[in-house]
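Dear colleague,

I am passing on the structure that I have been looking through, and would be glad if you could read the notes beside it.

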Amino acid sequence: MPAVSKGDGMRGLAVFISDIRNCKSKEAEIKRINKELANIRSKFKGDKALDGYSKKKYVCKLLFIFLLGHDIDFGHMEAVNLLSSNKYTEKQIGYLFISVLVNSNSELIRLINNAIKNDLSSRNPTFMCLALHCIANVGSREMAEAFAGEIPRILVAGDTMDSVKQSAALCLLRLYKTSPDLVLMGEWTSRVVHLLNDQHMGVVTAAISLITCLSQKNPDEFKTCVSLAVSRLSRIVSSASTDLQDYTYYFVPAPWLSCKLLRLLQCYPPPEDGAVKGRLVECLETILNKAQEPPKSKKVQHSNAKNAILFEAISLIIHYDSEPNLLVRACNQLGQFLQHRETNLRYLALESMCTLASSEFSHEAVKTHIETVINALKTERDVSVRQRAADLLYAMCDRSNAKQIVAEMLSYLETADYSIREEMVLKVAILAEKYAVDYSWYVDTILNLIRIAGDYVSEEVWYRVIQIVINRDDVQGYAAKTVFEALQAPACHENMVKVGGYILGEFGNLIAGDPRSSPLVQFNLLHSKFHLCSVPTRALLLSAYIKFINLFPETKSTIQEVLRSDSQIRNSDVELQQRAVEYLKLSSIASTDVLATVLEEMPPFPERESSILAKLKKKKGPGAVSVNELEEGKREGELNGGGERGGDNSAIAASNASTPSPSADLLGLRTGPPVTAAAPSTGSLLVDVFSEAGVNDDGFLRDLEPPTESSDSLLAEGPGDSDSAPPSVVSEDPAPPLPESNELLNKFVCKNNGVLFENQLLQIGIKSEYRQNLGRMYLFYGNKTSVQFVTFTTTVTCPGELQSQLNVQTKPVEPLIEGGAQVQQVINIECLSDFCDAPLLNIKFRYGGALQNLTLKLPVTINKFFQPTEMASHDFFQRWKQLSQPQQEAQKIFKANHAMDTEVLKAKLLGLGMALLENVDPNPENFVCAGVIQTKAQQVGSLLRLEPNAQAQMYRLTLRSSKDTVSKRLCELLAEQF
C-alpha cells in the first residue's frame, strides 16, 4: 500500500484489514467482506457527498478486497474522481486503483485519459510522475495511441525535471514494447540519443534502456549513440569511486549504467572511427585491469557488481571478435574464474569460454585450460556446471586434442547424470567421427560408447557407424573383429547386438579364416543373443542369418533349422514370421548365383549430413550448437593449405574414392534444403546462421566437378542463363564496390570462414573450401532486423579479364528473408588461369520499402588454389636459385602492422595454403614455404621467404614464382597480413 503521512492514516482501513486478518474461517472472511461492500456501496450511492478523504478510504478498501481475490464491479467512477484532486495521497490512490482494476475497454478510459493529460501539462513534477507511472502500468494500445506523441516531448524538453525525465523514458520504453508501430521517434531521435550526455546519472540510466531497445529495432536511426556511449563509458570507467558518490555501489562506480552501456554497444559492429574505437579498447582494457586488482571490499555485493561489468565487457569483446589481444586477455581472466570458489562464477566462465573457443584469435588460449575443464567435469557438484564443462570440451576440441577429450568424456559418461547422458553420447559420437584420422579408433570409440551408455545411444549413432564402416574398405575387417570380440561379453547391450548383426552379416567373411571366429562360431554367438532382444533387433538378426547362408554355405543347414522352428515360422509377430518364411524359402529354392545376387554386399551409402549432428542441433535448440563446427576450417586449415593438408594425401585420395569424409560432413556441408533459423539477438546472429545453416552439397571433398553447363551438380545455371535466374525486381544498376571492400577481402586471405560483411540490417557469413583448381563457397545472408527483406537478389560478376580467368556459377537465393532469419547461397568456382582481381557480389533487396543496393568483393584470391609442397632444405634452395630471373621475384620490406608473434605468423602462413617448411632456412627466425598453384591452364610453383626483424619491427617478404604476375599478386596480398 502507498505510504501516507501520520495525520492521514485512514483508521477505518486499518480496522477493516485487522478484522479480515482475525477471521477464523473463509466463510467469516466472505461475510465480513460482503458487509463492507454493502457499506461502501451505500456510501457511494447516498445523498451526502463524500469528501476526498472518505473516497480515498473507500477506494482503498475496494482495492484491498480485489487483491484478496474478490471481484469488484463498482467504485471506478469514484477512483476517477480522485484523479482530479490536488492532494497527492488522493491522486496516488486514484492512479493505483486505475492501474490495477481498469481495463483498456472500460467506458471510463476517456475520462482517465483527460485526467492524465491534465497532470502531464500541469508542470507539477509529482503529478507528472504519477501520470507517467499509470500510463506505463496500464501499457495498453489505447494508452500508446493517446500519449505516444506527448511523452517524447516531455522527455527531451529542457525545462523537464530529472525525475520526470526518468519516468518518461521508462514509460516510453513500456509503450514501445507493447505497441512499437505507434511509438515513432522521428524528429526526437537525435535529442533522445543526446540524453546519454545528460548530467544526471539517473536520466542516463533510464534513457539507455530506451535507446538500447530502439537500437535493436532501428539500428541505423540510432547509430550516433555509439560514440556517446563510448564517451560516457570512458568517463565512468576512468573515474574513482568518490567521483560518482551517489551512484557508487560498494566501491564500484555506476555498475548498472556500465552494464547497460556495454550491452548497447553489442547492438552494433565495432566503431569505424579510429579514435572512438581506440577509446573503447582502452575502456575494455581498463575493465580487464581492474578485474586483476585486489578487491576493495570483502562483501559479496562488491564482487557481484565488479564481475557483472567484467562479464558484460567480455561479451562485447566476443561480439566484436576483432581484437586478438583483448580476446586472449578475456580468456585468461575467465580461466582464473574456472577455479573460483563461487559456483556461479565458474558456470559463467565456462559458458563464456564456449563462445571464445569459436574465435580464431582465442581458440588456442582456451585450449590451455583443458586440464582445468576436465577436472571440473569430474569434480563439480552442480550438474549444470558439469554440463557447461562438457560443452566447453566439445567447443575446444580439434585434431590435436580430440583423443584426449573423447577419452575423458567416455570416462565421465560412466558416472554422468542421467539428464545429460544423451547429449554427451551425441557429442562423443560427433567428435569421434569429425576427428577420426584413424578409423579403427573411431570404431573402438563408438563400440565403447555403446558399452558404457547403450541406453542413451540413439539409432542415429549406430546407423552412422554402420554407414562409415560400409563406405570404408580399410576398416571393415577391423570392425568385424572388434564387434565379434565385443559380443562375447556376458552382458551385451542390444545396440551392440544390432551393430554386430549388421557388420558380421556383411563382413563376417573377413574374419572367418580364424578358427576362433569361424562361421559357425559367429552364428552361434549372434543367436545366443536372439532371445534377449526386441522384435526389431530380431528382425535384423534374421537378415544377418540369411546373409550368412550366402557368405558361408556350410552354415546353411544350421540356419535353416532355426528358420524352420515353430518359434520363427509361427511367431506371433507378423514381421518376424514373414521374414522367417521368406528367408527359409529363398535359401531352399534359389541357386547359389541367385542367392549371391539377391544377398550381395551393401553398396556404399550416398553422402549425406551426419544425422547425429542434426539430432544434437534439435536437442540443443536453434542456434545453440557450438559455432566450433563452423570455425573449424580456420583453426585446422585442412581445407585450404592447413598444417595437416600437406602430409595427408592419403586422406584426400580416400576422399576421391566413394568414401565419406566425416570431418567434412560434420562441418555441416551436407544438409538438406535451405532452412531459416530465428536469431535470439543481433549480437549472436552469425552463430545462428552457421549452426543451423543448410548447405546443399553432394559431397564436396568426394566428387566436386568443374561448373559446366551439363554438370549435374546442385547448382543452377550460370548468370548467363536468364531462364533460370530470378526475375529482376529492380532496374537500378549495381552499386560500386564499398570503399572497405579491399579491407574485407584482405581479412580472408589466410582464412576461409567468418563474417564477410555486417551493418545494422544485414550480416553476410562465408564458409568455403578448395581442392586443386576447384572451390565451393557458401554465403549466409542473415536479416538482423525484425522486418522482412523482400525481392532479395544477388548477382556475382567477374569484371574485365577475370571472365576468362575464373568460371563462377551460382545458385539463386531465396527472394524473401524473414526478420531474424537467414538464407544461404552456394557458389562453385573453377580457376582457369592465374588472376589478380576478385569477383563482385551485388546484393539488392527492399527493407521497409527502401531499396538497399551494395556491392562487395568476394574473397576469392589466387592463394586459395595452392597445393602445399613438402621440400627438403637442399631441394628448396636449389629450386630457389632456379627461379632467379628478376621478373620471377617480388620483394617488399614493410613495417609490422601487428604484434610479431611466432605462432600467429605460422598460423597465417599455413592459412595462406602453402606448406610451412621447418629447419630449412639457416636463420631459425625466418619462415620459408612452398606450394603449387593449381589452375586449369597450368601449375605455378611458388616459394616464399619471410624474414622478421623483431628489433626494428620490420619484415622482408620475398616471393619467387614461375610466373611473374603470381609473385607480385601474392606479395601484395601477404604484405597486408603481417
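The notes below go from the chain as a whole to a pocket, a cavity and a helix.

Please keep in mind that this is a predicted model, in which local features need pLDDT of at least 70 and side-chain atom pairs count only at pLDDT 80 or more, while totals for chains, interfaces and linings use all residues. Residues are numbered from 1 along each chain as its sequence is written, and side-chain values use heavy atoms, with hydrogens and water left out.

The secondary structure of the chain comes to 44 helices and 16 strands, taken as DSSP runs numbered from the N terminus (helices H or I, at least four residues; strands E, at least two). Of its 978 residues, 55% count as buried, that is, under 20% relative accessible area with a 1.4 Å probe, protein chains only. Among contacts (heavy atoms within 4.5 Å) between residues at least 6 apart in sequence, 70% join residues at least 24 apart.

The second largest pocket holds about 920 Å³ of space. A pocket here is an open set of points on a 1 Å grid over the protein atoms alone, with protein on both sides within 12 Å along at least five of seven lines, and lining residues have an atom within 4 Å of a point; a volume is the space filled by probe spheres set on the points, which are joined across faces, edges and corners. Its lining has 39 residues, and His-302, Ser-303, Asn-304, Lys-306 and Asn-307 lie nearest the centre. Helix 16 gives the most to this lining, with 10 residues, and the lining as a whole divides into 18 nonpolar, 13 polar and eight charged residues.

There are also five cavities of 30 Å³ or more, a cavity being a set of grid points where a 1.4 Å probe fits but cannot get out. The second largest cavity has a volume of about 60 Å³, and its lining includes Pro-270, Pro-271, Leu-280 and Tyr-320. Helix 15 and helix 16 are the elements that give two or more residues to this lining, with the largest share, four residues, coming from helix 15.

Finally, helix 14 (residues 255-265) is mostly covered, since eight of its 11 residues are buried, among them Pro-255, Cys-259 and Leu-265. The buried residues of helix 14 pack against several elements, including helix 12 (201-217), helix 13, helix 15 and helix 16.

With best wishes

Conventions
Buried means under 20% relative accessible area, exposed over 50%, partly exposed in between (1.4 Å probe, protein chains only). Ala, Val, Leu, Ile, Met, Phe, Trp, Tyr, Cys and Pro count as nonpolar, Asp, Glu, Lys and Arg as charged, and the others, Gly among them, as polar.
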